[in-house]
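Hi everyone, thanks for coming. Let me put the structure up, and then we can walk through a few parts of it together.

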Amino acid sequence: MDEQRETLQRIVSTLAIKNDEIHNFIDTLNHTIKNVQINSSNAISELDEEFDGLYSILDEMKGSMSNTIQQEEARKIKALQDQLSQCSSALESSEELLELAAQSLDIKDPGEFLKAARQIKDRVTMASAFRISLKPNVSDSMTYLMVDFAVERRMLQAVSFLPVPKAPEIDLAACLVADNCITVSWRMPEEDNRIDHFVLEYRKTNFDGHPRVKDERRWELIDYIKATEYTLSGLKFDTKYMNFRVQACNKAVAGEYSDPVTLETKAFVFSLDSTSSHLNLKVEDTYVEWDPTGGKGQEKIKGKENKGSGQNPLLKSNRRSGAPSPKRTSVSSRSSPRGSRDHFTGESYTVLGDTAFESGQHYWEVRAQDCKSYSVGVTYRNLGKFDQLGKTNSSWCIHINNWLQITFSAKHNNKTKTLDMPVPDRIGIYCDFDGGLLAFYNANSKELLHTFRTKFTQPLLPGFMIWCGGLTVSTGLQVPSAVKMLQKSENGLSGSTSSLNNIA
């Protein structure tokens, strides 16, 4: 009995679920029917608009062509009427001359007869009747203004509903990735003169190969592209790859997407590491700013600590610096890519990048904002907390001093070389680790500022020193084509930098 009751309850539950599904499906069908009616009405309205537009064009063309015929008719009639007027005038003159000649035949006096005959002869010579053409100036034919709409009629008879455009094909060989720009090129599988525009979609990804259905990033859309090529510029390459797909659209409908393609967008991406930066520096992702209160706050904490105030100096220090010391906090030690180390201190107002590299070619840029003194370059991990960039044998940099007077110099192993050129507002740093080359450029003009040539034996970190002002770092940049070309021309030439090109 109980088993049958449970079985019946399951049947009831199943039927209730199925009934609910059918009810939902019925609602869906009713909603679909309503949408079909609405969309059909909209389609008929659009069809009426298209045909009304076609009728309007035909009426306009008919009026224009009828006007042309009427103008031609008026021109011909005027020409014939002018000719008719001339002929009537000539005929009237000729009839008058004929009557005068006939009267002259009756003159009996020989002298008078000769005189009259001479006058008539002279008038006949000058008579317009003998000078006018007796052929119509224009013909009565109007056949050259006839029309034949046989071709157009066949075209109109062939008018049908717009077909769905076929999917474009992305030409991978014609696609180009350079200078943080991506040019995507595609073609239609067959000619379609009804295509109105194309839609290009792209998204960033770290997955190679065919794009995943569920990716962590959404598709970005660029609409109303008229050509079969489009260039995305000013991109930040903060992922390894980008997916692209294209669809063609006519006036009515968008077609299927093309097969997506994946293009490599590899570039050097890093942030500034606040866990070991000098306490006088305020660090946010790729921006560092001089903060004079940081050091003073730390000195006050140390003073209270010496007096045994009982407060936790580490907590106060961490609140002022914005991050706990990696040397004292195990979590920060694990998160720091360089391992445990103290904050830079003393006059080493330094912050390093959080990502090291030990191969390949890399490029990033730095822009200074009202800095009195700053340095940009690279260093090994072993830079001491009191060390300054360019004053050790494991760091290389260029230094700009705007305090009192402007100085621009290259530094390595505590050796300095003055650079006799204007200081650019944006500096590009290029490093070819395997080639043992570090070069600095004017990021705007790509003018070479200085080159170090050495043999790098340890992983390198981007390094920055700043006193007063701020620095903005741009990462995710490809090595510019202009820099590659300059490096080819400079290859094997150390030139003026030989005094600083010490092998580490």
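Let's start where two helices touch: Glu96, Leu97, Leu100, Ala101 and Ser104 of H1 are in contact with Phe113, Ala116, Ile120, Arg123 and Val124 of H2, contact meaning heavy atoms within 4.5 Å. By class, this contact holds 7 nonpolar, 1 polar and 2 charged residues. Here Ala, Val, Leu, Ile, Met, Phe, Trp, Tyr, Cys and Pro count as nonpolar, Asp, Glu, Lys and Arg as charged, and the others, Gly among them, as polar.

Before I go on, a word on where this comes from: it is a predicted model, in which local features need pLDDT of at least 70 and side-chain atom pairs count only at pLDDT 80 or more, while totals for chains, interfaces and linings use all residues. Numbering starts from 1 along each chain as its sequence is written, and side-chain values use heavy atoms, leaving out hydrogens and water.

Back to our pair. How do the axes of H1 and H2 cross? H1 covers residues 2-104 and H2 residues 110-126, and their axes come within 10 Å, crossing at roughly 160°. That makes H1 roughly antiparallel to H2, a label for angles over 145 degrees. The axes are lines fitted to C-alpha atoms over the stretch in contact, with angles from 0 to 180 degrees between N-to-C directions.

Zooming out, the chain has 7 helices and 22 strands; these are DSSP runs, helices (H or I) of at least four residues and strands (E) of at least two, numbered from the N terminus. Of its 504 residues, 35% are buried, that is, under 20% relative accessible area with a 1.4 Å probe, protein chains only.

Now to the loops. Which residues here have a positive phi without being glycine? One is Asp370, with phi near 55°, in the loop between strand E13 (361-369) and E14. Asp370 is exposed, at 75% relative accessible area, the cut-off being over 50%. Another is Asn414, with phi of about 65°, in the loop between strand E16 (407-412) and strand E17 (415-418). Asn414 is exposed too, at 55%. For context, most residues other than glycine have a negative phi.

Last stop: Asn393, in the loop between strand E14 (373-379) and strand E15 (395-401). At 49% relative accessibility, Asn393 counts as partly exposed, the class between 20% and 50%. Asn393 and His412 are 19 residues apart in sequence, and their C-alpha atoms are 6.3 Å apart in space.

Notes. Angles under 35 degrees count as roughly parallel, over 145 as roughly antiparallel, 65 to 115 as roughly perpendicular and the rest as oblique.
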